[in-house]
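User: Can you walk me through this one? I'd like the packing, then the strands.

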Amino acid sequence: MQSLADLSKFAPGLTFNAGSSRAASDFSIRGMSQASAVGDNRRDLVTVFIDNVPYIGNPAGIGSEDLARVEVIKGPQSALFGKATFGGAISLITTTPGNELKGKVSGTVGGYGDYRLSGTIEGPIVEDKLAGRILVDGRRFDGFYRNAFGGRLGETDERFVSGTLNFTPTEDISVRLRYSNRQDEYGPAATTLIARSDVHNCGPFPGFQPRSLAGLPAGFTLAQSRRLYCGELSAPSGPVGINTNTPAATVAGGLLPFYEHKTELEHELAALTADWTFGGGYTLTAIASTQEQNVQQLRDFELAPQDVYQFFYINDQSQDSYELRLTSPAEQRLKWMIGVARLDNGYDVVGGFIQGRVLTSGASGPTAAALLPIRSASDTDSVFASIGYAITDALDISVEARRQTDTQVSGVGGATEFSVDTTATLPRVLLKYALSDQTNIFANYAKGNQPTQGYATYFQLTPAQQAVALANGVTPLAPEAEVDNYELGIKHRAADGRWYINASLFYLEWVGRQGLRTLQIDLNGDGIIQTGSAPAGETFNVVPFSAGDSNTKGIEIDGAYKIGERWTLGGSAAYADTEITKALNEVLPLRFFGRTDSAGFQFPGAPELSAAAFGQYEAPLAGERSWFVRTDVTYIGKRYDSILNRAYVPGQVRANLRAGLRASSWEVTAFIENLFDDDTLEASRFQSDSATDPFFFQLASSEAVLANKRQVGVTATYRF
């Protein structure tokens, strides 16, 4: 596994939802997913933590090169980890340098121009006092697909460096400082628009209200505009063509930092962790971090051959976090922990549609006014604690709770700056009973929340405009969402360590599910939608609203078994039944079905069933050498592309094969990824057919992430 996206195929209950860019991808756990893409990871349901620090920006590209272990923690984790862990958390623990001088160099050469080189070295700087570790990693990949209009799709150029210092002045004090810098550049993604209006095969549906036919092709009827594509989504059979020519008027404007279709990402993280153990086992821990990410992107908005719109996007995000906690000795029958935390987050976004010019600017090209950032921020203060008690040698109970206040601020620095506070108490209770030294059963309950979201644009409207906006679905805020999670499970490991099995049953109740949507509203009643974002224009982006409720129930199981000394078999499976019990005023069901309550739908992007299996054979050769062969098979079940539950990505089966030679200091592995060249889409999300419907964006289509093709390669590693 090279990234967290790879991890999702092997961790039961974890799903990676790929998008048209790094900024449009996210993770879900146990079928809980956003009904529509959010694009702001502060609102994600699953947050990634690196050494207990929440990671800002999209985590899809985080590699495994510097990790000691990965923990996928399911269900709401607000009591332990804090905000944005509504569905769960992924905790990454990086490697701590030790006093032994050692290192590793690894290189990979794969098909489609895939080259990767990484190296690490660590060891003592001051014997028994100060140790250090440096990692450098780089990858260049040409992408699996050619663009019919020239160039490649999915090109990648990644560079990552990290450094860690571990200072232990005494046996009781340790101070760990880590810095990382990631600089990535991506060409146009291997993502294209499919299921467009020319292949719609079901409907027409009644719709909520008649729509204008302005901007649609000549002869296009209202009935045609109410049709959909229903059924299995598949990749285009012919060449994939995406327009990547930047209009000359935009280039002449000279305001954009670059004019090539690509995404540039830079991410920096510095974190300090200090531990002091005193008084027979009490530990005081302090964590401080600062983090910044900048993403700049120019891409074809339609992801199609037509040149209608292009889109330029800048996102600057920053975060500072602080935490202090005191923990009792672990050996006591009564154990406890108490702490305080502070999280400050800034989020600036700039976006503009380009049609020879930025639409919100003058006719001659982009202007500075068109590229002013939309600024928002969030601050979170919390007090948290846990207490655990061993009632008997076999029975243990622990209670955790976090009291936190979230302040969400919209329109930072503007005349209409608007903030809203959400204060919540978030508990988690865990009961564990050891049937034996090898087996325990557990039950837990946890509560999570998504804070109230405000919408500053609403307050920039006149009272008359506010009345029109309210009548058409724009609200000043979306109420807090809450989830209750109930779980029962068993864990067993054989006494001789040859096999293990884990299994759990869970049930989730999600109340007040928040949604974000884009609305186009004729504020002045002239029958024409004014281009540009409100309040200057009549397009309302990322409007928060209360989208309804849902229930999810399921089961997860994983295990492995070692047969003799050479064979190991294992696998995992997850089943999640997601039922939306209330779907209030969702844009798509309203638009096509005229339903204000769309109860009964399933979450988009959430497979009901997923599974993985592996088999490995390893045998000795002469001396210290050995050889091995391994195969992995993964399955991701049917996934709907939207809450409409009409178009779907079919079940995906992928097989991988690898074989290699090992010795104490080196390893050479040959691999084949996607052995049978399965072309099932990686993912797909509902998108408007803006190439055919450039004014109102109401024709249906789907934004499909093309499959990773069969790839053959070799990896060589040397350790010293």
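User: What does Leu228 touch?
Analyst: Leaving out residues up to four places away in sequence, Leu228 touches His200, Asn201, Cys202, Phe205, Phe592, Phe593, Leu644, Arg646 and Ala700. Contact is heavy atoms within 4.5 Å. This is a predicted model: local features need pLDDT of at least 70, side-chain atom pairs count only at pLDDT 80 or more, and totals for chains, interfaces and linings use all residues. Residues are numbered from 1 along each chain as its sequence is written, and side-chain values use heavy atoms, with hydrogens and water left out.

User: How many residues has the largest nonpolar core?
Analyst: 47 residues, and Leu228, Trp510 and Phe592 have the most contacts inside it. Another core, of 16 residues, lies apart from it; Phe141, Tyr145, Leu233 and Leu681 are among its members. A nonpolar core is a set of buried Ala, Val, Leu, Ile, Met, Phe, Trp, Tyr and Cys residues joined through side-chain atoms within 4.5 Å. Buried means under 20% relative accessible area (1.4 Å probe, protein chains only).

User: Strands now. How do β19 and β20 run?
Analyst: Antiparallel, with 16 bridges between β19 (residues 334-354) and β20 (residues 374-390). Gly339 stands opposite Phe384 in β20. Strands are DSSP runs of E, at least two residues, numbered from the N terminus; two pair if DSSP finds at least two bridges between them.

User: And what joins β20 to β21?
Analyst: A hairpin, through 4 residues. The two strands pair antiparallel over 15 bridges. Ser378 stands opposite Gln408 in β21.

User: What's the strand order in the open sheet of 4 strands?
Analyst: β4-β3-β6-β5, with mixed pairing. β4 (53-54) and β5 (67-74) are at the edges with a single partner strand each, so one side of each has no neighbour in the sheet.

Key
Buried means under 20% relative accessible area, exposed over 50%, partly exposed in between (1.4 Å probe, protein chains only).
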